[in-house]
Amino acid sequence: DVAEVMYEEMGYYDGNFASVMQTTNLALKPVLIGGTPEQVQYFSKHILEGKGYACFCLTEPQSGSDASNVKTTAVKDGDEWVINGEKCFITNGGEADIACVFAMTDPSKGTKGISAFMVPTNLPGFSVTKYEDKCGFRAISTCALKFDHVRVPASNLVGEEGKGYIYAMKTLDKSRACVGALAVGI
């Protein structure tokens, strides 16, 4: 696949840069998988024109590797969603100007109650609460993030409500080979 070759080559020359690019691509994948044509156009253009980096916000302090254990919530309030919760180990979290955030919109449905949102990081209530002190890959951050009544337009819901877990799993399936290729390059 072209993407794997690209990440292997980037990893050979600069693993940090390759990781920033791979993580930004990871955050865009749920939009490419399930987003509306308008979302695909808007967020792809935003990233491809070099207007900033993105981060993929799935992991939470209590969840470890259990991606279905999402406690971050998103509650509909008129034409907006209000997001509350915490994420951890988020690559690009300190640099990203847009975050793909997975939040529970209907706890009674389990994984079918998880939705995905594109969240600009300059909104009130978004904050970086901790920068991880890493042994390598220091050119990019790995952070803990907090969402405290962050309000996003209803149009920032990626695709359909309740499909976030599916989008996340498809994203991870498609991206794992790229991470391996990056490691081979390094």
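Helices here are DSSP runs of H or I with at least four residues, strands are DSSP runs of E with at least two, and both are numbered from the N terminus. With that in hand, hello everyone, and let me show you around. Before we start, this is a predicted model, where local features need pLDDT of at least 70, side-chain atom pairs count only at pLDDT 80 or more, and totals for chains, interfaces and linings use all residues. Residues are numbered from 1 along each chain as its sequence is written, and side-chain values use heavy atoms, with hydrogens and water left out.

Our first stop is asparagine 84, which sits in strand E3. Is it buried or exposed, or something in between? Asparagine 84 is partly exposed, because its relative accessible area is 22%; buried means under 20%, exposed over 50%, and partly exposed in between, with a 1.4 Å probe and protein chains only. Leaving out residues up to four places away in sequence, asparagine 84 touches Thr72, Thr73, Phe147, Asp148 and His149, where contact means heavy atoms within 4.5 Å. Valine 150 is 66 residues away from asparagine 84 in sequence, yet their C-alpha atoms are 6.7 Å apart.

One of those contacts, histidine 149, deserves a look too. Histidine 149 belongs to strand E7, residues 142-153, and counts as exposed because its relative accessibility is 51%. Its phi is near 55°, a positive value in a residue other than glycine. Most residues other than glycine have a negative phi. Back in strand E3, phenylalanine 89 also has a positive phi, about 55°, and at 53% relative accessibility it counts as exposed.

Now follow the chain past E3. Asparagine 92 lies in the loop between strand E3 (80-91) and strand E4 (98-104). This asparagine 92 is buried, because its relative accessibility is 0%. Its contacts, again without residues up to four places away in sequence, include Val20, Tyr53, Cys55 and Ile140.

From E4 we step across to E5. The two strands pair in the antiparallel sense over seven bridges; strands pair if DSSP finds at least two bridges between them. Cysteine 100 stands opposite methionine 118 in E5. Six of the seven residues of E5 (residues 114-120) are buried, so this strand is largely enclosed by the rest of the structure.

Next, the pockets. On a 1 Å grid over the protein atoms alone, a pocket is an open set of points where a 1.4 Å probe fits, with protein on both sides within 12 Å along at least five of seven lines, and lining residues have an atom within 4 Å of a point. Volume is the space filled by probe spheres set on the points, which are joined across faces, edges and corners.

The largest pocket holds about 550 Å³ of space. Its lining has 21 residues, and Leu26, Phe56, Phe89, Thr91 and Leu172 lie nearest the centre, so our phenylalanine 89 turns up again. Which element gives the largest share of this lining? That is H4, with six residues.

The second largest pocket has a volume of about 250 Å³. Among its lining residues are Met6, Tyr7, Met21, Leu28 and Tyr53. The largest share here, five residues, comes from H2.
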